[in-house]
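Subject: Handing over the two-chain model

Dear colleague,

I am passing the structure on to you with this message, and below it you will find my notes on what came out of going through it. Please read them with the model open beside you.

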Amino acid sequence: MWELVARSLEASTIFLFAALGELIDQRSGVLNVGLEGLMLFGGTAAFITAQTTGSHALGFLAGLTLGGLLGLGHGFFSITLRGDQVVSGMGLWILSFGLTTYLGSPYTGPLGLGRIPSLWGLSPFFPLGVALVAITWLLLFRTGLGLAIRSAGENPAAAEASGIPVTSIRFLCVALGGMLAGLSGATYTLSYNPVWNYNFLMGWGFVSLALVFFSMWNPWILLAGASLFGIMWQLSLSPELILPGVLSRYVWRTVPFAITIPILCIISTPWFRTRWGLAKPEALGRPYAKG
Amino acid sequence: MSPPDLAPTEPILAARGITKRFPGVLALDHVDLEIQAGEIHAVLGQNGAGKTTLMNILFGLLQPDEGALYLREQRIRFRSPHDALARGIGMVHQTRRLVSAHTVLENIALGHPRTRGFLNLRSTRLEVEALGNRYGFTVPLGARVWQLSEGERQWVEILKALYRGAEILILDEPTAALTPPEVKTLLAGLQTLVRDHGVTVLLVTHKLPIVMAVSHRVTVLRSGRVVARLRTADAAEESLVQHMIGRDIAFRTMNRSAEMGRPLLQVEQLSAFNDKGLLALRGVSFSLREGEVLGVAGVTGNGQEELAQVLAGLRPAASGRVRLDGRDVTRLSPLQRWRMGVGYIPAERIEVASIATFSLVENTALNYHFDPAFIRRGLLDNAGLEQLTQRIVTTYNVKAPSQYARAQHLSGGNLQKLILGRVLSRNPRLLIAHLPTQGLDVEAAAFVRATLVEATAEGAAVLLISEDLDEILSLSDWVAPIYEGRFGAIIPRAEAGAETVGAMMAGVGMKEAGVR
């Protein structure tokens, strides 16, 4: 039983890293629907690097770096060129799908390195994720930079008029978001399931994206949501552990999405908005032009 | 109030030879502006005169193509608002630049150099409170901005600029969305800031009474050029108007024949919710005859939008009844109402009344696509629509490069003429005109008003919703001041004085009558 929980929490961590990055992105007003693509790239880069050099650390570094660079690429299209953020994000995902399959196929198979040591069966990435949640919360709600980030996502014109460099803030956030997505991918290929296969994620990135909306852009709710989704996902792999024969894994796998959709419906109702205030960053997905 | 030094002293802030071009437009043409320390300097001009562009340059939001800025005779360059703020220049924009989901305190702290690293909102709160006490005004620091009134939001922006250490305060059309009492408070507050605290105020407006009331000196802009630079005490209102519009346009009451036709519209106890689900229109009743104009006067956000939308069929009525020709139309769709002769000119010219990326012809078709006269074998009759558009363009004097120009490339005035023409060419019997002249220059506004008057001569009843009291008083047969979703009264024009109506718009008189 503990094994299942520990495994679920490790799965949660992968959602958590990626979604936390996306949350920072979105708080600054940039939507990156290509999250899955960033994770695929980050995971693949980490896997290849680790296998070639024999070092987990270098693998993680490669994942972080590539994720950050791709985040900046998305920023270039959506912030500098003011392109459509959804198109740019989808483009990243499609590119990653093809390119990682092409570049990674010679490496198909297990990593062949030792497992990353665990604490009482629990992956060390879970406590790291919790710490990152706390840090993100502090950053967003207790620092001047966080106020600037949130303002850039709510009303960039107001932020600019207050002397906040909106463009730089958004670039910072897409870079951070990209790095966290890369870290998430690397955690998948180096620790959670150290076997490379084409399109190894099969939707983890999209679950993470849904998770951000589920969390109403709050890191703590995100942590709870990630844990919940992690358990759901793990159950989808072995549903016979809990409810033998009730539902197939494919049905279980839709549960995170099935939960997210009604929540999205509820938080967009006028009732919710008047009662709890606007959860969604006002300027999310909208390019900002100065002046 | 004694004006500051009359002898030309060193200006605290000066713009010299500023030129700014936008694609196809020369927005500013070698503009010189000098502001003395400790004065209220008014920049007067019509819409499109270049006032806002000039202010955005002074605040670092835009860079001039030519010319330079001088602060205390030192040449300066502002690459962004950040630079301007660092030099003690604060700006309150025409549209609020506040994050409405954040608290007042967070908004004030945003971007302040002291918020580097961890936020210490507690000490910020104490400092802002102290500042407010010093200048003699308070705003609820813990409230979220969306909860505040427009007047309070303005004070938040002013307080924010002062907290940033602004010594020069630029206010762009600060009275645009305020009620008359709020305007009074604002102007008195600005005078105190200048007199007692040595703040310099640069006031941008197109409202003459404000210039006359508070400014020491005035610079008049027209079409991107400075046409006059005067001490307010030496300036006569008439001459300022002439400078501003370039020739003599006297504001006069429209002459209308007062023949009223048959009763057309009856509205009984009409109520409606706004988008937030709050009751915004609360039991409005009136009736209109053919050829009559009812002027609904009020500051935006008092239920006018909801009234117009309910009558046009775009918003369901929460309760009450609307009768047209005695027939209950409360639940009819917009299209059914169109067919019965209801014409609607929405306030949002580019968002609701037209589609920005559509051509003139397509925008005209928006009111005709359901008309069998413009459908041939199931397809839209393009040739017919072109002819109709041509007729509208000619009759209503719409200046456009071609019929296939996009609506977004028309100026506000020309687009409004097109919309007006499109609606009127269906000969509506009831015309709902919501802010029909808002943001238009004097000529276009006069044209729109004259056209409305013509429509009444043809027998149309007009519901005119406007913030401009002069417009209401010059066009209406009946005046209904609206405040918080209720009519204060329905007054015949002959008895409606600007003072009474203005007071009711601000909700004075209504509370006495025991209404909320």
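How far apart do the C-alpha centres of domain 1 of chain B and domain 2 of chain B lie? They lie 35 Å apart, a value that, like every other in this message, is computed from a predicted model.

To place that distance, chain B is divided into domain 1 (13–245), domain 2 (254–341 + 430–436 + 460–516) and domain 3 (343–426). Where domain 1 and domain 2 of chain B touch, the contact takes four residues from domain 1 and five residues from domain 2, and the domain 1 side is made up of three nonpolar residues and one polar residue, with no charged residues.

As for chain B as a whole, the secondary structure comes to 17 helices and 23 strands, and the C-alpha atoms fill a box of roughly 70 × 55 × 50 Å along the principal axes. A compact globule with 516 residues would have a radius of gyration near 24 Å, so the 25 Å of chain B agrees with that expectation.

Two sheets of chain B deserve a description. In one of them, six strands form an open sheet with mixed pairing, in the order S6-S7-S8-S3-S9-S10. Its edges are strand S6 (89–92) and strand S10 (225–231) of chain B, each of which pairs on one side only, and the twist from one strand to the next averages 15 degrees. Within this sheet, strand S3 (residues 40–44) and strand S9 (residues 217–222) of chain B pair in the parallel sense over four bridges, with B:Leu44 standing opposite B:Val220 of S9(B). Helix H1 (residues 51–58) of chain B packs on the sheet, where it touches S3, S6, strand S7 (168–172), strand S8 (200–205) and S9 of chain B, and its direction makes about 150 degrees with that of S7(B).

The other sheet is also open, but here four strands of chain B pair in the antiparallel sense, in the order S2-S1-S4-S5. Strand S2 (25–35) and strand S5 (74–76) of chain B each have a single partner strand, so one side of each is left without a neighbour in the sheet. Neighbouring strands are turned by 30 degrees against each other on average, direction ignored. Strand S4 (residues 66–71) of chain B pairs with S5(B) in the antiparallel sense over three bridges, and B:Tyr70 has B:Arg75 in S5(B) as its bridge partner.

Turning to the contact between the chains, chain B contributes 26 residues and chain A contributes 25 residues. On the chain B side, the elements that give two or more residues are helix H2 (81–86) and helix H3 (104–109) of chain B, and H2(B) gives the most, with three residues. By class, that side of chain B has 12 nonpolar, nine polar and five charged residues.

Finally, in chain A, the axes of helix H3 (residues 56–80) and helix H8 (residues 166–192) of chain A come within 6 Å and cross at roughly 140 degrees. The crossing of H3(A) and H8(A) is right-handed, and their contact has 14 nonpolar residues, 13 polar residues and one charged residue.

With best regards

Definitions and conventions. Residues are numbered from 1 along each chain as its sequence is written. Chains are lettered from A and ligands numbered from 1 in the order in which they are written. This is a predicted model: local features need pLDDT of at least 70, side-chain atom pairs count only at pLDDT 80 or more; totals for chains, interfaces and linings use all residues. Two strands pair if DSSP finds at least two bridges between them. Axes are lines fitted to C-alpha atoms, for helices over the stretch in contact, and angles run from 0 to 180 degrees between N-to-C directions. Two residues are in contact if their C-beta atoms, placed from the backbone, lie within 7 Å. Ala, Val, Leu, Ile, Met, Phe, Trp, Tyr, Cys and Pro count as nonpolar, Asp, Glu, Lys and Arg as charged, and the others, Gly among them, as polar. A crossing is left-handed if the near helix is turned anticlockwise from the far one by less than a right angle, and right-handed if clockwise. Domain bounds come from an automatic or database domain assignment. The radius of gyration is taken over C-alpha atoms; the globule rule is 2.2 Å times the number of residues to the power 0.38.
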